[in-house]
Amino acid sequence: MTGPTGQQSTTRVRVGAGPGTEPYEVLVGRGVLADRDGLHRLIGPRARRVAILHPRALTDTADALRARAEGLGYETLALRVPDAEAAKTAAVAAHCWEALGRAGFTRTDVVIGVGGGATTDLAGFVAASWLRGVRWIAVPTTVLAMVDAAVGGKTGVNTAEGKNLVGAFHPPAGVLCDLAALDTLPEDDHVSGLAEIIKAGFIADPVILDLIEADPEGARTPSGTHLAELIVRSVRVKADVVSGDLRESGPREVLNYGHTLAHAIEKNERYTWRHGEAVAVGLVFAAELARLDGRLSADEVRRHREVLSSVGLPTGYRGDRWAALLDTMRLDKKTRGATLRFIVLDGTGRPAVLADPAPELLAAAHAAIALPHTGAAADPRPVLVLNGPNLGRLGSREPGIYGTTTYAGLVEECRTLGGELGLDVDVRQTDDEGQLVRWLHEAADREVPVVLNPAAFTHYSYAVRDAVAQRTAQLIEVHLSQPHAREPFRHHSVVSAVAGGTIAGLGFDSYRLALHAIAAG
């Protein structure tokens with residue numbers, strides 16, 4: 001990874017073409033984003049416009065990239081999206097589509113995704129779905145995105161029912177992994193990405209495991225001796241697999257090692273766990289499953305635990321959540337019909353499929369990773385915080401009225417306060433009236449309390465009003481602003497008469513007070 005002058009060089013990893021697609025390259029090294037000629041080649045001569053999707057924290061990186069594109073003669077459009085998994089929603093994708101439409105984006109224009117795996121997943125999905133597919137470039141800025149999410153062409157968004165259930169296979173025109181981006185990455189996010197690197201070691205390249213075992217502390221930092229090699233080796237593993245199976249019809253399935261349980265954990269934890277943390281637990285679960293099935297030795301299972309724990313990743317999960325995890329796994333996109341499928345190992349570097357394992361085998365594997373629940377004596381009480389149209393645009397929408405805190409900030413505040421109050425808070429947002437009605441029905445059927453901000457539906461949606469009237473638990477209507485101090489049409493709420501109470505005009509404190517009321521009720 002170093003050239004003759006001692007400067008770190010750029011490594012190019014080729015990902016092969018599939019039917020109807022072109023091969024592309026993953027570039028790994030320091031300074032790859034500064035290569036104007038390389039950027040020009042990737043965007044291409046036919047494009048006139050470039051849209052750059054990025055979270056708020058990467059505004060400077062996106063602005064620098066935007067300036068380079070404009071210097072090359074392209075029109076640019078910056079689309080700021082929420083942080084992390086909050087970006088991967090149909091509502092955020094729809095916002096991006098609207099912006100592309102207003103900008104006159106054509107089939108020859110290009111989308112660039114700058115950020116972690118959630119941002120590149122979203123950018124790829126927006127590109128795949130706009131005009132049935134436009135070119136896109138991935139600029140991953142985390143370890144996880146560099147070695148996994150940005151390579152391979154799988155794009156998608158999450159739904160309330162699970163992770164990545166809506167998506168498309170749409171390979172990028174290129175992937176630019178600038179290792180300088182990792183210098184400011186928080187350590188927990190850096191460590192989370194190591195789970196995918198370790199996965200690559202177990203399924204295909206044991207040298208990865210040797211390098212980490214030789215210097216686990218170095219793997220945890222951007223200045224580590226082997227980090228660049230670990231990233232390149234992991235990218236090569238994925239590139240080799242993806243090149244032979246673009247659409248996951250066969251061999252590519254091995255990349256799901258550890259992911260069936262991981263996705264269930266993420267959903268169970270309302271996506272508050274980092275992806276790599278969940279994958280780490282999923283890897284140990286899959287190893288235990290293989291051991292119980294007579295495929296893997298106890299020493300190889302022990303190696304899973306030791307390598308993962310040496311870099312600070314978890315290897316166990318709450319034992320009292322097995323029933324919920326099993327239900328979620330049955331909906332996972334890797335399940336076929338009613339048959340659960342797990343990638344397991346017949347030995348390090350020898351992945352295989354275990355289809356429809358016996359229930360007692362699954363339960364025993366889970367028992368091997370189960371941790372005691374050390375929280376409150378009783379499970380947290382579930383609460384739904386439901387938000388109507390345009391609330392996903394908090395932070396950019398009329399900040400003089402709604403403030404500058406983003407929707408992602410609202411989600412985090414509600415979840416954090418909920419945890420302090422002994423509540424399991426699930427925050428959702430939709431611009432669709434029917435979806436909001438369905439969530440209210442779900443709450444009624446489950447007897448779950450609700451904090452509801454109907455937004456514009458407040459004033460005219462009798463469908464939402466009738467759904468609220470069916471509530472079987474406490475429901476508090478909230479508003480950030482004071483409707484009676486605004487336009488006359490906002491003075492009337494069709495919801496208030498059937499809600500348990502209304503809190504308005506206190507900004508985010510409206511939500512906080514509602515959660516306190518539910519906790520006390």
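Let's start with Arg-428, which is buried, because its relative accessibility is 9%. Buried means under 20% relative accessible area, exposed over 50%, and partly exposed in between, with a 1.4 Å probe and protein chains only.

A word on the model. It is predicted: local features need pLDDT of at least 70, side-chain atom pairs count only at pLDDT 80 or more, and totals for chains, interfaces and linings use all residues. Residues are numbered from 1 along each chain as its sequence is written, and side-chain values use heavy atoms, with hydrogens and water left out.

Back to Arg-428. It sits in strand S15, residues 423-429. Strands (E, at least two residues) and helices (H or I, at least four) are DSSP runs, numbered from the N terminus. What is Arg-428 in contact with, leaving aside neighbours within four places in sequence? The partners are Ala-160, Leu-384, Val-385, Leu-386, Asn-387, Tyr-407, Trp-439, Glu-442 and Arg-446. Contact means heavy atoms within 4.5 Å.

Next, the cysteines. Cys-96 is buried, at 0% relative accessibility. Cys-177 is buried too, with a relative accessible area of 0%. How many disulfides does the structure hold? The count is 0. A disulfide here is a pair of cysteine sulfur atoms within 2.5 Å.

Last, a helix pair. Helix H6 (residues 187-203) packs with helix H9 (residues 227-243) at about 55°, axes 9 Å apart. Axes are lines fitted to C-alpha atoms, for helices over the stretch in contact, and angles run from 0 to 180 degrees between N-to-C directions. H6 supplies His-190, Ile-197, Ala-200 and Ile-203 to the contact. H9 supplies Leu-227, Leu-230, Ile-231, Ser-234 and Val-237.
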